[in-house]
Amino acid sequence: ELKKVVEANQTSIQENRNAIKDNRNAIRDMHGHIDAKFEEMMERLGMKTRKSTQREKKFFAEGRQDPQALTLREYQREALDVVLQQNTICVMRTGAGKTLIAVRAIDQMRRNHPGKKVMFIVPTRALAE
């Protein structure tokens, strides 16, 4: 009887592992599809994207917190220019640099208007740290 229970559990464990693997593959495919659509949209808008530089990868790997050390991508520079001129809502995919744009805008505003205060409201503590 115990042998049957063990075999059933092993079968269940293997089925769960297979389901997890299938889910991971589906998520990977979905991310690839989202990235492809993002690239397509950027191309239609005449904007270029690029991969992270080695310097940027090192920056994140070391956990450094100096946004000035990062090179803005072309679309991020364009968004920053707009943000500095008018009230703006940046709608971009996860990881596209919205926080970096906000930090750069805050830095620029503080340099242009010393003594003024800036409020940075974020939904998670991690974005503010």
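In which helix is the place of Gln76? Gln76 lies in helix α3, helices being DSSP runs of H or I with at least four residues, numbered from the N terminus. The model is predicted, so that local features need pLDDT of at least 70 and side-chain atom pairs count only at pLDDT 80 or more, whereas totals for chains, interfaces and linings use all residues. Residues are numbered from 1 along each chain as its sequence is written, and side-chain values use heavy atoms, with hydrogens and water left out.

Gln76 is buried, with a relative accessibility of 2%; buried denotes under 20% relative accessible area, exposed over 50%, and partly exposed the range in between, for a 1.4 Å probe and protein chains only. When residues up to four places away in sequence are not counted, Gln76 is in contact (heavy atoms within 4.5 Å) with Thr71, Ala96, Gly97, Leu100 and Ile101. The C-alpha atoms of Gln76 and Ile101 are 6.5 Å apart, although 25 residues separate the two in sequence. The side chain of Gln76 also reaches the backbone oxygen of Ala96 at 2.8 Å.

In soluble globular proteins, nonpolar side chains tend to be buried together. Leu80 touches Leu72, Ile101, Arg104 and Ala105, residues up to four places away in sequence being excluded.

Helix α4 also holds Asp107 and Arg111, which are 4 residues apart, about one turn of the helix. Asp107 forms a salt bridge with Arg111, and the closest N and O atoms are 2.5 Å apart. The criterion is a side-chain nitrogen of Lys or Arg within 4 Å of a carboxyl oxygen of Asp or Glu, and by this rule the count is 1 salt bridge. Asp107 is partly exposed, at 26% relative accessibility.

On the surface, Leu2, Val5 and Val6 form a nonpolar patch with about 270 Å² of accessible area together. Such a patch joins nonpolar side chains (Val, Leu, Ile, Met, Phe, Trp, Tyr) within 5 Å, from residues with over 30% relative accessible area and no salt bridge; areas come from the Shrake-Rupley method with a 1.4 Å probe. Val5 belongs to helix α1 (residues 2-44) and is partly exposed, with a relative accessible area of 41%.

Methods:
Patches are made of residues with over 30% relative accessible area and no salt bridge: like charges are joined within 9 Å, nonpolar side chains (Val, Leu, Ile, Met, Phe, Trp, Tyr) within 5 Å. Helices (H or I, at least four residues) and strands (E, at least two) are DSSP runs, numbered from the N terminus. A polar contact is a pair of N or O atoms within 3.5 Å; within protein, one must be able to donate a hydrogen and the other to accept it, and residues adjacent in sequence count only if both atoms are side-chain atoms.
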